[in-house]
Amino acid sequence: MSTQSGGPAEGLLERQGIAKHLLWGFVAVILFQTGNGLELSFYSGFLQSAKGLSSGQVATMTMAYGIVIAIASWFSGSLADAWGPRRVMMMGFGAWLIFELVFLWGGVTTGSYAVMVIGYALRGFGYPLFCYGFLAWVTMDTPEEHLGRGVGWFWFAQALGMGALSGFIAGPLIGAIGEMATLWTSFAFVVVGGLLAILLVRRPKELQTAAESGSTPSASETISGLVRGVTILKDYPKTAVGGVVRIINQAAFYGIPVFFAPYMTGDVGFSSAQWATIWGTLNLANVFANLVFGYIGDAFGRVRTVAWFGGLGCGIAVFLMWWFPSMWGANFAAEMIAGILFGIGLAAYVPLSAIMPLLVAPDRKGSAVAILNLGAGLSNFAGPALAPLAGPIGIGGLMIVYAALHVVGGGLTYALKPSKGNGNEPGAGTGTPESTPASPEPVSQ
């Protein structure tokens with residue numbers, strides 16, 4: 001399903017991959033994720049110093065949060081098919097508000113660790129349902145030939161809020177009003193983002209599905225939608241490959257802070273401020289590259305973009321992040337270059353979000369996106385899970401493992417070429433790939 005151009009302005013938006021009725025949704029994602037990520041740079045230290053938690057207790061709380069995120073990430077796409085994406089976003093908005101209140105008021109304010117864990121973990125339903133529900137909406141309503149650009153704008157919005165604005169805003173706020181008040185400030189951003197979505201983001205009636213225009217789906221319809229999010233792996237086997245590639249996408253990104261950051265500051269000789277600057281610049285490069293690679297994928301071919309710029313590019317960058325300091329020590333400029341290349345390479349995986357929905361039937365696009373979202377959630381565990389290998393094989397050996405995984409993931413991406421009929425029949429994942437899909441541009445070569 002896609003929107004129809006209704007004038008010059010609307011046509012310009014659509015050519016950028018932004019359906020006119022979804023425009024404010026991108027703004028809503030930026031604001032929501034700014035509030036959601038406001039705590040990331042300081043909450044662990046604050047809870048330990050001000051509330052007396054141990055690092056192990058904070059890690060346990062964060063792990064519980066990550067588990068819920070992985071589950072909610074999968075639910076977001078599956079429920080978007082069953083309920084319609086707007087309902088999914090509203091549920092995520094409500095979940096975030098309720099459980100953030102439990103976390104801050106019932107847990108942090110009173111000092112109850114049990115309530116903190118419950119509130120923080122269940123808040124993990126919030127942003128995946130809101131943001132990934134909107135991603136499913138983008139894949140449903142964006143014309144195929146511009147879909148890479150559409151998902152590029154989504155990941156730009158997501159990363160701008162979570163990775164950049166939240167960090168830049170948190171520092172001055174903490175200095176002005178303190179850590180606890182800054183945590184409460186997150187409500188303002190999330191509420192404004194959620195209200196924008198409620199008031200300004202709605203499908204035109206002619207595009208609404210039965211699930212959206214009718215009454216709230218029954219429990220059996222909801223369960224059926226969730227089951228379809230699992231059976232899609234059997235019906236469309238290529239989606240499983242896409243899920244694996246998505247896990248590989250961010251495995252090193254989540255693993256490197258666990259073992260490589262201490263190595264860089266403890267053994268190589270970088271200061272904590274230098275490493276923080278390198279890591280922050282890496283993320284900033286990723287924000288803008290997310291948008292660029294949406295356009296590159298539409299023009300160069302989405303599979304080729306992920307395979308070469310994402311898989312091979314990240315493989316080279318991860319290797320250089322270790323090799324440069326092993327050769328030249330604490331060379332700030334060299335490590336900054338390697339970090340920027342890594343941030344750019346990570347963004348080259350953006351077209352995956354456009355590739356996957358085109359492998360399945362139109363009414364199962366949300367379920368295809370759900371597999372990608374699940375892969376994104378699992379990468380939070382897969383990356384750090386490899387960190388203990390640094391003991392037997394060394395820091396360099398583990399970085400080479402991460403680099404090799406990216407190269408393997410790039411190769412696997414070629415299995416995602418659409419089959420005959422654009423891969424939209426059950427079992428299409430086992431068909432013979434075509435070099436060019438039936439679309440106006442070479443979107444998946």
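Which helix is L312 found in? L312 is found in helix α14, where helices are DSSP runs of H or I at least four residues long and strands are runs of E at least two long, numbered from the N terminus. The model is predicted, so local features need pLDDT of at least 70 and side-chain atom pairs count only at pLDDT 80 or more, while totals for chains, interfaces and linings use all residues. Residues are numbered from 1 along each chain as its sequence is written, and side-chain values use heavy atoms, with hydrogens and water left out.

The protein chain has 18 helices and zero strands. It has 445 residues, and 54% of them count as buried; buried means under 20% relative accessible area, exposed means over 50%, and partly exposed lies in between (1.4 Å probe, protein chains only). The accessible surface of the protein chain is about 16,700 Å², with 70% of it belonging to carbon and sulfur atoms. Accessible areas come from the Shrake-Rupley method with a 1.4 Å probe, and for residues only the protein chains shown count as cover. Contact here means heavy atoms within 4.5 Å. Among contacts between residues at least 6 apart in sequence, 82% join residues at least 24 apart.

The interior comes next. In soluble globular proteins, nonpolar side chains tend to be buried together. A nonpolar core is a set of buried Ala, Val, Leu, Ile, Met, Phe, Trp, Tyr and Cys residues joined through side-chain atoms within 4.5 Å. The largest nonpolar core has 63 residues, of which L47, F134 and F154 touch the most other members. Helix α8 gives the most to this core, with 11 residues. Leaving aside neighbours within four places in sequence, F134 is in contact with L22, G25, F26, V29, M89, F154 and V201. Another core, of 50 residues, lies apart from the largest one and has F259, M264, F270 and L359 among its members.

S73 is a polar side chain to follow from here. It sits in helix α4 (residues 55–83). S73 counts as buried because its relative accessibility is 1%. Apart from neighbours within four places in sequence, S73 contacts P128, Y132, A370, N373 and L374.

The structure holds zero disulfides, a disulfide being a pair of cysteine sulfur atoms within 2.5 Å.

Charged pairs are the next topic. Side chains of opposite charge can pair when their charged atoms come close. A salt bridge is a side-chain nitrogen of Lys or Arg within 4 Å of a carboxyl oxygen of Asp or Glu, and the structure holds six of them. One of these joins R123 and E39, at 2.9 Å from N to O. This pair links distant parts of the chain, with R123 in helix α6 (residues 113–123) and E39 in the loop between α2 (23–36) and α3 (43–51), 84 residues apart. Both R123 and E39 are buried.

D298 takes part in two salt bridges, one with R149 at 3.2 Å from N to O and one with R302 at 2.6 Å from N to O. The pair of D298, in helix α13 (residues 272–300), and R149, in helix α8 (residues 147–177), links parts of the chain 149 residues apart. D298 and R149 are buried, and R302 is buried too. Elsewhere, salt bridges that share partners join E39, E100 and R123 into one network.

F99 lies in helix α5 (residues 85–108) and is partly exposed because its relative accessible area is 23%. Not counting residues up to four places away in sequence, F99 touches G119, L122 and R123. F99 and G119 are 20 residues apart in sequence, and their C-alpha atoms are 4.9 Å apart in space.

The last stop is the surface around L312. L312 counts as partly exposed because its relative accessibility is 33%. Together with F300, W308, F309, I316, V407 and Y414, L312 forms a nonpolar surface patch of about 620 Å² accessible area. Patches are made of residues with over 30% relative accessible area and no salt bridge, with like charges joined within 9 Å and nonpolar side chains (Val, Leu, Ile, Met, Phe, Trp, Tyr) within 5 Å. Helix α14 (residues 302–328) supplies the largest share of the patch, four residues.
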